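Please look through the sequence and the structure shown here before reading on, and keep both in view while the paragraphs below take you from one part to the next.

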Amino acid sequence: MANYYSTQRVEPNILLTGTPGTGKTTLGQEVAQRLGLTYVNVGDVAKEKELYEGWDEDYECPILDEDRVIDELEDEMKAGGRILDYHSCEFFPERWFDLVYVLRTDNSILYNRLEQRGYAGRKLEDNIQCEIFQTILEEAFSSYLPSIVKELPSNTPDDMEQNIDRIAEHIRQWKASKR
């Protein structure tokens, strides 16, 4: 069932989510460029606007103030045509999204990607565990209508090209359903 915001949008809002290192940013920027949508990296918005509520000593990173992020992005999301990129999904309002994609990467590939980013110790182990146990996929299915949640493989450049084609087709179908 469509929500009020969804019925008012001309372009869909898309959530790209998944464990860090699965390729959300690369895919999101490429889809936005090719399809004329606006890419929004939640981490960048939080950093620019200082939307934090503290510091996590274990993971050595700031703690996102989720309420302030929602307040900051609300008007932009109402407009539609946004691709939102973030490694978590359960705190975003369901009304924001028409399509939700969870990127998945094989553990050996993901491990190497995260190591190259400087992840180590508990931070590296916890992110690999998150991927193994499909934590973000389960969060997406429990937070949004299952019919809008899609799991996408993200291991190779070929996967990325196929994912762009899939997303473009889903957008076409979404627009056709609005007529």
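What follows goes from the sheet and its helices to the aromatic rings and then to the cysteines.

This is a predicted model, in which local features need pLDDT of at least 70 and side-chain atom pairs count only at pLDDT 80 or more, while totals for chains, interfaces and linings use all residues. Residues are numbered from 1 along each chain as its sequence is written, and side-chain values use heavy atoms, with hydrogens and water left out.

An open sheet is formed by 5 strands in the order E2-E5-E1-E6-E7, with parallel pairing; strands (E, at least two residues) and helices (H or I, at least four) are DSSP runs numbered from the N terminus, and two strands pair if DSSP finds at least two bridges between them. Strand E2 (38-41) and strand E7 (149-153) each have a single partner strand and stand at the edges, so one side of each is left without a neighbour in the sheet. From one strand to the next, the twist averages 20°, where axes are lines fitted to C-alpha atoms, for helices over the stretch in contact, and angles run from 0 to 180 degrees between N-to-C directions. Strand E6 (residues 99-104) is joined to E7 by 5 bridges, and Val-100 has Val-149 as its bridge partner in E7.

Helix H2 (residues 24-35) packs on this sheet, touching strand E1 (14-18), E2, strand E5 (82-85) and E6, with contact meaning heavy atoms within 4.5 Å. Helix H8 (residues 157-178) lies across E1, E6 and E7 and runs at about 160° to E7.

Turning to the rings, those of Phe, Tyr and Trp (its six-membered ring) pair if their centres lie within 6.5 Å, and planes under 30 degrees apart count as stacked, over 60 as edge-to-face and the rest as tilted. By this rule there are 7 aromatic pairs. The ring centres of Tyr-86 and Phe-91 are 5.9 Å apart and the planes stand at 85°, so this pair is edge-to-face. Tyr-86 and Phe-91 are both buried, a word that means under 20% relative accessible area, with exposed over 50% and partly exposed in between (1.4 Å probe, protein chains only). One aromatic cluster is formed by Tyr-86, Phe-91, Phe-92, Trp-96, Phe-97 and Tyr-144.

How many disulfides does the structure hold? The structure holds 0, a disulfide being a pair of cysteine sulfur atoms within 2.5 Å. For Cys-61, the nearest cysteine sulfur is that of Cys-130, 13 Å away.
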